[in-house]
Amino acid sequence: MLQLAKLFSLLFGRSRLQGGTPDGFSPPEPPGLYIHMPFCKSFCSFCPYIKAPFSQAASGGYVDLLLRELSLYNTPVFTSLYVGGGTPTADIDVLCEITERLRARINNEIAVEVHPLDASCTSLEKLKSGGVDYVSIGAQSFSEEALRHFGRNHRASDAREAVRNAVSTGFKAVDVDLVFDLAVFSPEVVMSDFTETLNMNPLQISVYPMMRFGLTGDMKKRHDWRAEATVFSMLEERAVNAGYKRSSLWTFTAEGREETYSSITRPFFLGLGISAASFDGSIFSVNTSSLEHYSRSLGEGKRPAGGHLKLKQLLSCLYYSFWALYRGRLPHEEVRRLFPKAWRMLKPLLAIQRIAGNVYQDSYETKLTEKGRITFHRLEEGVTYKFIDPLWTEMKLEKNL
Ligand code: SF4
């Protein structure tokens, strides 16, 4: 797996995005749709995402830009819609306008990220009536000290109330996001947050080690991956005792339920909005991070391109396989169908990983072993620092021009 990590970061990490507009967007099957709502009412100290200060006028005008951008693509239907941010719920009416206008073109679920301060029963009911099926509550922690450390603008009681409201509203899926930072807090803090969340019975709990991105201040400390791996083993044990299973690298889902809440459940996706990424199986592209550039390009009827990478089939296949394994399973038939040439090269790579004890296989799928999860945890952090962080840094610098 480490060879795969080195290969991955060598190929992706040192690549620089090419400028210009990529040719078309032609996925081999209907893609997922991602919408980036960048507006936040308050900025958290750890946050690496591309965002802008909230104002009603800016948020309202943004909907027209999103729809104009969508009209540039010849994609009639999407498998799912995921609205992330930023804070998509900063203006619930704007969010409902988006979901209502797109519902007829979405085959499966509509999922949105919800800030705890926007999760009153009335607002959540509005979202449900607007066609939203899945919600993810950005609780992050139930420790006041940890919330202060992450620079959140809400209290632990707001996070608790938000989760309870979401569970009682009756969405098809409720996810709760938690984050932990072992450089500052003991494992007991995340274990206590996790237990409290289990007691509120959401469908899924996502637990993330805090990543220390460039341009987010002085938080440059190394990860202790061994300590993090121990935390995930403890979380898994507690989850299993409470009737949950580990459904992907960093998520836990109630036993007997097949739904999972994730922004990356689709192999191919179209991203709308500033900084949104798209992948059609051969081109990975990102939009501009500048609101001004975004609005100007769309005014001229052009795609608001920020940069793109053309990927050979093997790289596309590795990219796809990476996220499939992150989600828990790599289905062989699907890889063979989508990447026929690369599948022949991937097979021996997977066989090496099987011999190394990182994966187990039957003729249908490949899954991570316990050892593989630990290796993959390191790989995921490596990809974040070697690929995603430099990419976001470049994008933010573009924004500040
Ligand atoms: S973590 Fe969420 S709410 Fe906080 S600044 Fe980032 S996008 Fe905004």
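Modeller: The account below takes up helix 7 and then turns to a neighbouring element, helix 6. The model is a predicted one. Helix 7 comprises the 13 residues 187-199, and at 1.5 Å a residue these should span 18 Å; the C-alpha atoms at its ends lie 19 Å apart, which agrees with that expectation. Its buried residues are Val 189, Val 190, Asp 193, Phe 194, Thr 197 and Leu 198. Viewed down the helix axis, the buried residues of helix 7 fall within an arc of 165 degrees, so they line one face of the helix. On the face turned away from this buried side, helix 7 carries the exposed residues Glu 188 and Asn 199.

The buried residues of helix 7 pack against several elements, namely helix 5 (144-149), helix 6 (156-169), strand 7 (173-180), strand 8 (204-209), helix 8 (225-241) and strand 9 (244-248). Just after helix 7, Asn 201 adopts a positive phi of about 60 degrees.

Among these partners, helix 6 has 14 residues, and the distance from its first C-alpha to its last is 20 Å, close to the 20 Å expected at 1.5 Å a residue. In helix 6 the buried residues are Ala 156, Ala 159, Ala 162, Val 163, Asn 165 and Ala 166. The cover over them includes helix 7 itself, along with strand 5 (110-114), helix 4 (121-129), strand 6 (134-140), helix 5 and strand 7. Just after helix 6, Gly 170 takes a positive phi of about 85 degrees.

Technical notes:
Residues numbered from 1 in each chain as written. Predicted model: local features only at pLDDT ≥ 70, side-chain atom pairs only at ≥ 80, totals over all residues. Helix = DSSP H or I, 4+ residues; strand = E, 2+ residues; numbered from the N terminus. Expected span 1.5 Å × (residues − 1). Buried ≥ 20, exposed ≤ 12 C-beta atoms within 10 Å, placed from the backbone. Arc of directions from axis to C-beta. Contact = placed C-beta atoms within 7 Å.
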